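Subject: Handing over the structure

Hi,

Here is the structure I promised to pass on. Have a look at it first, and then read my notes below.

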Amino acid sequence: MSASATAGASPVSNASVTILAPVTAHEEATLTFGSIDAASSPVALTVEPDGTTRCSVDRACRGGAAPAIFVIGGTAGERIGLTVSNRVTLTSPAGDTIEVSLSLPSPQIDLVASVARVAVGGKITVPAGQAPGAYQGVYHFDVSYQ
C-alpha cells in the first residue's frame, strides 16, 4: 500500500454571515382626504399612492388630499415586504364613522440605498348627509425583510 492511499484529505473551508440592519419605518406624513362637501350627494375620493386624486363630484373635494408617506430603513440591496390594513374606520368626536380602503403601490420594495419612502393611498366614500366633523382613525403598516 502506498503512502498516498492511506493519507486522508483535510480541506479548508470558510463560513460567513451577513447581519442585516433592523428594518425600521416611521410616518413622515399622514394620509389625508382634505375637506369634502357631501351635504347633497355621496362623494367618493381616491388618493393614489403617487399623489393623484379623483373626486366623483366636481367641487365637492375641497383640496388638501395627500397620501401617507413612510420612511423605510434597512440594509441596502435587500427586499422589504410591505403590508397595510385593508380598511380603516374613521370616527368623529360624536361617534359617527366612515370606512376607508387603503392601498400600496407594491407589496414590496428593493432598498437601493439604506432608506426609501413608501406612500399609502386610499379611497373614501362619504354618504350624502354624513354628519360633519373631523374624522380620524388608525391603521397598521408593517415592514419586514423578504
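Helices (H or I, at least four residues) and strands (E, at least two) are DSSP runs, numbered from the N terminus.

Before the details, some ground rules. This is a predicted model, in which local features need pLDDT of at least 70, side-chain atom pairs count only at pLDDT 80 or more, and totals for chains, interfaces and linings use all residues. Residues are numbered from 1 along each chain as its sequence is written, and side-chain values use heavy atoms, with hydrogens and water left out.

**The whole chain**

The C-alpha atoms of the protein chain fill a box of roughly 100 × 25 × 20 Å along the principal axes. The radius of gyration is 25 Å, while a compact globule of 146 residues would have one near 15 Å. (That radius is taken over C-alpha atoms, and the globule rule is 2.2 Å times the number of residues to the power 0.38.)

Of the 146 residues in the protein chain, 28% are buried. Here buried means under 20% relative accessible area, exposed means over 50%, and partly exposed is in between (1.4 Å probe, protein chains only). The protein chain exposes about 9,100 Å², and carbon and sulfur atoms supply 51% of that. These areas come from the Shrake-Rupley method with a 1.4 Å probe; for residues, only the protein chains shown count as cover.

What share of the contacts with a separation of 6 or more is between residues 24 or more positions apart? In the protein chain it is 72%, with contact meaning heavy atoms within 4.5 Å.

As for charge, the protein chain has 7 positive and 11 negative charges, and their mean positions are 7 Å apart. Lys and Arg count as positive and Asp and Glu as negative, while His and the chain ends are not counted. Each charge is placed at NZ of Lys, CZ of Arg, CG of Asp or CD of Glu.

**The disulfide and the loop**

There is one disulfide by the rule used here, which asks for a pair of cysteine sulfur atoms within 2.5 Å. A disulfide is a covalent bond between the sulfur atoms of two cysteines. In this model the partners are cysteine 55 and cysteine 61, with their sulfur atoms 2.0 Å apart. The link is right-handed, with 75 degrees about the S-S bond. Cysteine 55 counts as partly exposed because its relative accessibility is 30%.

Two loop residues are worth a click as well. Valine 57 sits in the loop between β4 and β5 and is in contact with Ser41, Pro42 and Val43, leaving aside neighbours within four places in sequence. At 25% relative accessibility, valine 57 is partly exposed. Its C-alpha atom is 39 Å from that of serine 144, 87 residues away along the chain.

Arginine 59 is in the loop between β4 (53-55) and β5 (65-66). Is arginine 59 buried or exposed? With a relative accessible area of 72%, it is exposed. Arginine 59 also has a positive phi of about 65 degrees, although it is not a glycine. Most residues other than glycine have a negative phi.

- Valine 120 is buried, with a relative accessible area of 0%. Its contacts include Leu31, Pro67, Phe70, Val84, Tyr139 and Phe141.
- Glycine 122 is buried too, at 4%. Among the residues it touches are Phe33, Leu45, Thr46 and Ser101.
- Threonine 125 is partly exposed, with 44% relative accessibility. It is in contact with Val43, Ala44, Ile98 and Glu99, and its C-alpha atom is 11 Å from that of cysteine 61.

Which residues does threonine 46 contact beyond its neighbours within four places in sequence? They are Thr52, Thr53, Arg54, Gly122 and Lys123. Threonine 46 belongs to strand β3 (residues 43-47) and is buried, with a relative accessible area of 12%.

Over to you now!
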